[in-house]
Amino acid sequence: MKQLIMIADMEGASGIFDHNGSWSDNGEDEWRKHGRDCITSDALAIVNAAVDFGIDDILLYDAHYAGNPEFNIVLEKLPPIVRVFDVLDRRFDT
């Protein structure tokens, strides 16, 4: 069995700061949606490449907490080969 362990954080996501307007004009909800789309797109690209390479099992840790207990990666967009693991209350700093 080939396994991949992924740790993702939103600050490194492709396109995270690409935007034609001011985030303050669009509000926090729009910023969060954009950020989630960016990190999910990157995670999905890695997952698809891993599957093409023959990886059988993928463990994912979404390390971007930002005060919200909801995962930042949209897990429903990932294939079932991906299993998510987490820490208590989604926080390292407690």
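Does arginine 36 count as buried or exposed, and what is its relative accessibility? Arginine 36 counts as buried, at 17% relative accessibility. The cut-off for buried is under 20%, so 17% falls on the buried side. Keep in mind that this is a predicted model. The points below cover its charged pairs, its rings and its nonpolar core.

**Salt bridges**

- Side chains of opposite charge can pair when their charged atoms come close.
- The structure contains four salt bridges.
- Lysine 33 and aspartate 37 form one of them, with N and O 2.8 Å apart.
- These two residues are four apart in helix 1, which means that about one helical turn separates them.
- Lysine 33 is partly exposed, at 47% relative accessible area.
- Aspartate 37 is partly exposed too, with a relative accessibility of 32%.

**A network around glutamate 70**

- Salt bridges link Arg32, Arg36 and Glu70 in a network.
- Arginine 32 meets glutamate 70 at 2.8 Å, N to O.
- That pair joins distant parts of the chain, 38 residues apart.
- Arginine 32 belongs to helix 1 (residues 23–53), while glutamate 70 lies in the loop between strand 2 (57–62) and strand 3 (82–84).
- Arginine 36 also bridges to glutamate 70, and their closest N and O atoms are 3.5 Å apart.
- This second pair again connects helix 1 with the loop between strand 2 and strand 3, across 34 residues.
- Glutamate 70 counts as partly exposed, at 37% relative accessibility, whereas arginine 36 counts as buried.

**Rings**

- One aromatic pair turns up in a search of the whole structure.

**Nonpolar core**

- In soluble globular proteins, nonpolar side chains tend to be buried together.
- Here, the largest nonpolar core has 16 residues.
- The residues with the most contacts inside this core are Met6, Ile39, Ile58, Leu60, Ile73, Leu78 and Val82.
- Strand 1 (3–8), helix 1 and strand 2 each provide at least two core residues.
- Helix 1 gives the most, with five residues.
- What does isoleucine 58 touch, leaving aside residues up to four places away in sequence? Isoleucine 58 touches Leu4, Met6, Val47, Ala50, Ile81, Val82 and Arg83.

Conventions
Residues numbered from 1 in each chain as written. Predicted model: local features only at pLDDT ≥ 70, side-chain atom pairs only at ≥ 80, totals over all residues. Heavy atoms only, no water. Salt bridge = Lys/Arg side-chain N within 4 Å of Asp/Glu carboxyl O. Buried < 20%, exposed > 50% of the residue type's maximum accessible area, 1.4 Å probe, protein only. Phe/Tyr/Trp six-rings, centres within 6.5 Å; stacked < 30°, edge-to-face > 60°. Core = buried A, V, L, I, M, F, W, Y, C linked by side-chain atoms within 4.5 Å. Contact = heavy atoms within 4.5 Å.
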